[in-house]
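Q: Please take a close look at a single residue in this chain. Begin with the chain as a whole, then describe the surroundings of that residue.

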Amino acid sequence: MLPSHVLAGAVGLRLERADVQWHVSPGQDDSLMRFWLTFSGMSYGFHVGAEDETLDVIVEERGTDADMGVYGRLEVRAAAGRDPAAFAVGQRLVVVHDLFAGYLGKPIGARLSFERVDLSVADWEDELHWAVGDLPPAVGVRQR
């Protein structure tokens, strides 16, 4: 299902909180795994989809920390600082536009327009990418 369809019920609501799951491994930069946006008590999770599928956006509870032994750990933290989702907290969601890969035309993400900021997110080459405003040109998306 397209992100705009899943998030249709959140349009017009204020973003109460944003939480982010990071893969933390000693000696490496933290890696974005997934994140959750909560509107009026309902949380939407943003994940990398199954192979060759679009960004997965589903209604679900916020995840938890997990120890992965030698592979590090997963940490869930409130979005903060320069996390793109942190800029949208407290604002109303105005509209959601699905994003499509420029050369393939398949859906890969969404642009969530809030009152004063756009949050773009995409599943590109099986990695989750996010940005305030548009995604970098290297991601190669177009809006349909």
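A: The protein chain has one helix and eleven strands; helices (H or I, at least four residues) and strands (E, at least two) are DSSP runs, numbered from the N terminus. This is a predicted model, in which local features need pLDDT of at least 70, side-chain atom pairs count only at pLDDT 80 or more, and totals for chains, interfaces and linings use all residues. Residues are numbered from 1 along each chain as its sequence is written, and side-chain values use heavy atoms, with hydrogens and water left out.

Of the 144 residues in the protein chain, 47% count as buried. Here buried means under 20% relative accessible area, exposed over 50%, and partly exposed in between (1.4 Å probe, protein chains only).

Now to the residue itself. D118 belongs to strand β9, which covers residues 118-124. D118 counts as partly exposed because its relative accessibility is 28%. Leaving aside neighbours within four places in sequence, D118 is in contact (heavy atoms within 4.5 Å) with R111, L112, S113, A131, V132 and G133.

Two of these partners can be described further. The side chain of D118 makes a polar contact with the side chain of S113, at 2.8 Å. A polar contact is a pair of N or O atoms within 3.5 Å; within protein, one must be able to donate a hydrogen and the other to accept it, and residues adjacent in sequence count only if both atoms are side-chain atoms. A131 is 13 residues from D118 in sequence, and 8.4 Å separates the two in space, C-alpha to C-alpha.
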